[in-house]
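Please keep the sequence and the structure in view while reading.

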Amino acid sequence: MQKIQASAAVLFFLFITQNGTAQVNDSTNCQQQVELLKKELRESKEEYRKLLEATTVVVVRKRETENPDNKPHTIIGMNMTTMLSRLVPFGNGVPLAGPTSLMFRKRQGNKAFRLGIGLNARNEADVFNASLRIGVERQKELSKHFVFTRGFDGILATGSFNIPGFRFNDNTSNFLGALLSLGLEYRLDKRITLGTETLLVAGFQNTSGSIFATQIVPPLALYLHATIN
């Protein structure tokens, strides 16, 4: 009986030992597999980060190359109507071409700050105007060559607006107000455009007394715009 009990005890001890060893081996294998998975995840994450950085750099460089207009640049516009009229047969050389003679714009992207100056005079004493306009502008690409512009300016002027049928009461009056401009430009190349604009003007005119007045300036002027930097 004692021999049987001893044999049974030995068998039970062997069973427990083998089962425990199997469990330890299984646990070790699981830990090793988990560590391998963690290592692969870390390597995959690092490769993804490098790939993302490389892709971002390529996209940014491509945008900078394809969109140079994102950089600030200065544009000078000159009213060419008077000069062109001298080249046209039977032209009088001094047409009424609107209140603005020179336009300076600082553009970045599709937005611009602008400053316009006007000074026009003829031998006749009743035709004179000087003006200063300051405001902002936005543009929208209509096609490869055509660009639509709209802007808003404050304007200070004296004399006429240098347009036919000027209907303010006194050609020597002073004017303070605002204007809305709607324009169209034709792009000859990346740096040169031809354009014109219509102005909707409203403000206060100082004659015998301050009165509120409005004026529509049709697209009389032809501007030559050149980017200088």
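## Enclosed space and the strands around it

The largest cavity holds about 120 Å³ of space. The model in which this cavity is found is a predicted one, and the structure contains two cavities of 30 Å³ or more. Rolling a probe the size of a water molecule over the atoms shows where empty space is left.

The lining of the largest cavity consists of 13 residues, and those nearest its centre are Arg105, Glu137, Glu185, Glu197 and His225. Sorted by class, this lining comprises three nonpolar, five polar and five charged residues. Strands β2 (102-108), β6, β7 (192-206) and β9 (223-227) each contribute at least two residues to the lining of the largest cavity.

The second largest cavity has a volume of about 50 Å³. Its lining is made of Ala97, Gly98, Pro99, Glu197, Leu199, Val217, Pro218, Leu220, Ala221 and Tyr223, and by class these residues divide into eight nonpolar, one polar and one charged. Glu197 is named among the residues nearest the centre of the largest cavity, and Glu197 is also listed in the lining of the second largest cavity.

## The chain as a whole

The secondary structure of the chain amounts to two helices and nine strands, and when the elements are read from the N terminus they follow the order α-β-α-β-β-β-β-β-β-β-β. Of the 229 residues in the chain, 28% are buried. The accessible surface of the chain comes to about 15,600 Å², and carbon and sulfur atoms account for 63% of that surface. When contacts in the chain between residues at least 6 apart in sequence are considered, 55% of them join residues at least 24 apart.

## How the strands pair

The pairings described here are set out in the table, and the text after it turns to particular residues.

| Strand pair | Sense | Bridges |
|---|---|---|
| β1 and β2 | antiparallel | six bridges |
| β1 and β9 | antiparallel | five bridges |
| β4 and β5 | antiparallel | 13 bridges |
| β5 and β6 | antiparallel | 13 bridges |
| β6 and β7 | antiparallel | 14 bridges |
| β7 and β9 | antiparallel | four bridges |

Strand β4 covers residues 128-141 and strand β5 covers residues 146-159, and the two form a hairpin with four residues between them. Within this pair, Ile134 stands opposite Gly154 in β5. Strand β5 pairs in turn with strand β6, which spans residues 174-187, and here Val147 has Glu185 of β6 as its bridge partner. Glu185 is also one of the residues nearest the centre of the largest cavity.

From β6 the chain passes to β7 through a hairpin of four residues, and in this pairing the bridge partner of Leu180 is Leu200 in β7.

Strand β1, which runs over residues 73-79, is largely enclosed by the rest of the structure, because five of its seven residues are buried. Strand β1 pairs with β2 in the antiparallel sense, and the bridge partner of Gly77 in β2 is Met103. Strand β1 is also joined to β9, and in that pairing Asn79 stands opposite Tyr223 in β9.

## A closer look at Thr198

Where in the chain does Thr198 have its place? Thr198 lies in strand β7, and its relative accessible area is 23%, so Thr198 counts as partly exposed, given that buried means under 20% and exposed means over 50%. Beyond its neighbours within four places in sequence, Thr198 is in contact with Leu180, Ser181, Leu182, Ile216, Val217, Pro218 and Pro219. One of these residues, Leu180, is 18 residues away from Thr198 along the chain, and the C-alpha atoms of the two are separated by 8.3 Å.

Key
Residues are numbered from 1 along each chain as its sequence is written. This is a predicted model: local features need pLDDT of at least 70, side-chain atom pairs count only at pLDDT 80 or more; totals for chains, interfaces and linings use all residues. Side-chain values use heavy atoms; hydrogens and water are left out. Buried means under 20% relative accessible area, exposed over 50%, partly exposed in between (1.4 Å probe, protein chains only). Contact means heavy atoms within 4.5 Å. Accessible areas come from the Shrake-Rupley method with a 1.4 Å probe; for residues, only the protein chains shown count as cover. Two strands pair if DSSP finds at least two bridges between them. On a 1 Å grid over the protein atoms alone, a cavity is a set of points where a 1.4 Å probe fits but cannot get out, and a pocket is an open set with protein on both sides within 12 Å along at least five of seven lines; lining residues have an atom within 4 Å of a point. Grid points are joined across faces, edges and corners, and a volume is the space filled by probe spheres set on the points. Ala, Val, Leu, Ile, Met, Phe, Trp, Tyr, Cys and Pro count as nonpolar, Asp, Glu, Lys and Arg as charged, and the others, Gly among them, as polar.
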